[in-house]
2 protein chains.
Amino acid sequence: MNELELIAKLTKSLPANPNVMTGVGDDCAVLDLGLPEKLILFKTDAAVEDIHFTPETPPEKIGRKALARCLSDIAAMAGTPVAALVTLGLPEKFDPEFVGKIYDGLNVLAEKFGVAIVGGETTTNPGRIFISIALLGTVARGKQVLRSGAKAGDAIFVTGELGGSLAGKHLEFEPRLEEARWLADHFSIHAMIDLSDGLAGDLPHILKASGGGAELLKSAVPISRAAKLRARKSPTAKPAIAAALTDGEDFELLFTVAGADAVKLLDAWKKIFPKLKLSCIGKIVAGGGILICDKAGSHKLNAHGYIHFA
Amino acid sequence: MNELELIAKLTKSLPANPNVMTGVGDDCAVLDLGLPEKLILFKTDAAVEDIHFTPETPPEKIGRKALARCLSDIAAMAGTPVAALVTLGLPEKFDPEFVGKIYDGLNVLAEKFGVAIVGGETTTNPGRIFISIALLGTVARGKQVLRSGAKAGDAIFVTGELGGSLAGKHLEFEPRLEEARWLADHFSIHAMIDLSDGLAGDLPHILKASGGGAELLKSAVPISRAAKLRARKSPTAKPAIAAALTDGEDFELLFTVAGADAVKLLDAWKKIFPKLKLSCIGKIVAGGGILICDKAGSHKLNAHGYIHFA
């Protein structure tokens, strides 16, 4: 049983209450606590040694990544982060300086995005270091973007460039908070997710939640320099396009808007975010699955983003 | 460096923002998100194998305890829990049935207290099973009870009976949510905490936050049957009164009210909660430290609740 099968089993019938607008199955839970203009976003995410970082990762970058991963989930709802709690699992003999640096990296990112660190705890964990972050945020009522709103005919967009994140980006990526809020403020964004398991792994989440399939234009998929370099240097590496489709940890936004909005959105984006690439990579279609098209024709994309138990 | 020293170091200068009413250092963080009648409570707590449960603990009780610990923190603020996220660290080869039973125990308690389980994640953790719960709650604006409001002359109360929790209660305790809300609704509760590290370990948190010391009446400290039994059966066990003062995991409420309210409170309590003992165990005094008094005189209570790095 892998992670997805386990989650499916565990989440079949969870306790609910009238405050829950969106529970399990989106980037964040969405709660209605009666705020007239806002909904509450709620999310936890763990960064674990040997999965999300290595024993060689500088501690500042461990702390930074742990928080950035959660911020990216808030971004995927078009929300604003407010406050975080930090749970740190440490070996029994830990180096206080190392731990201090984990917090340094985390705090710098928290300050940047106005997130208060309001508590947490440390616990012993002999196996490996882990950091679990619980994050609370808000989103303007009605502006929350779920995975479930994509419609046939929607244009599919992705920010930035994809693939090869493990070469460094996964420790330094910028959560797309400002960009996501701008999108939700200025356009009717039908569905959105942040890319953590690769385009081929995460687009199916939108398709499953929304119903429908997707047709991607191979030449439109933005491939990162890191993925291209790796493909060129190592004969055993994935082709760059495969890396862009299936590597994890991109933490870019994947979203859909009505096809009629696509050009207007691209034009407006270029003026507001001239340094961040935005690519229209295909469209939502009736039916299921993902087709990827190039000059030679179209074939099914069955390269799953890596299904990891983590 | 132990847990408390590490926390002191890490929490010296954490990022804050105007939403934070109470950050690190109370049972929950308190946030003001603009709800006219409510404040938000935010808390995480981890239950870890070999610290909070053993490999022999039935999985339902592991799940139950993990959530109950967090609920007890919400109770200590006089709050109401709303929604929880569950992070589960599991060995690579886990038994799905075992994990299902962890959730069963957790879900039963969640249903009982109206808590929605709105997501979470699983992650591999080779060393030991851990469950970290992030809990979001609310409290009526102005009714939140902090650790910092105790005043000289206050009467000190404790619910239930203390000590010997590891004999079984730690897996089955009832979070005192209803009792705490009733207290805050009907009396001016000056300070409150839930007992997780023992009376002698947790009362100092109130004293430190409020300023002042305490005088306890030894004969008034309610000792559990389990602590008495253990003391009687084993010559190497702590005396029962020492167990009541220093054993951890009681998860009872410790609170203070103005001395003038003490008798009225005891009378009202007996009518509303006839099955749950409430004991007035002493008073808050000027100056620091804890004195414990019996017929033979008074002496300083230096038996700390166990300072654990967990």
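Chain A is divided into two pieces, domain 1 (3–140) and domain 2 (154–300), with bounds that come from an automatic or database domain assignment. Bear in mind that this is a predicted model: local features need pLDDT of at least 70, side-chain atom pairs count only at pLDDT 80 or more, and totals for chains, interfaces and linings use all residues. Residues are numbered from 1 along each chain as its sequence is written, while chains are lettered from A and ligands numbered from 1 in the order in which they are written.

So how do the two domains meet? Their centres, taken over C-alpha atoms, are 24 Å apart. Across the boundary, 16 residues of domain 1 are in contact with 17 residues of domain 2, where contact means C-beta atoms, placed from the backbone, within 7 Å. On the domain 1 side, helix H2 (residues 59–76) gives the most, with 10 residues. That side divides into seven nonpolar, four polar and five charged residues; Ala, Val, Leu, Ile, Met, Phe, Trp, Tyr, Cys and Pro count as nonpolar, Asp, Glu, Lys and Arg as charged, and the others, Gly among them, as polar.

Now zoom out to the whole chain. Chain A has eight helices and 13 strands, taken as DSSP runs (helices H or I, at least four residues; strands E, at least two) and numbered from the N terminus. Its C-alpha atoms fill a box of roughly 60 × 55 × 45 Å along the principal axes. Of the contacts between residues at least 6 apart in sequence, 82% join residues at least 24 apart.
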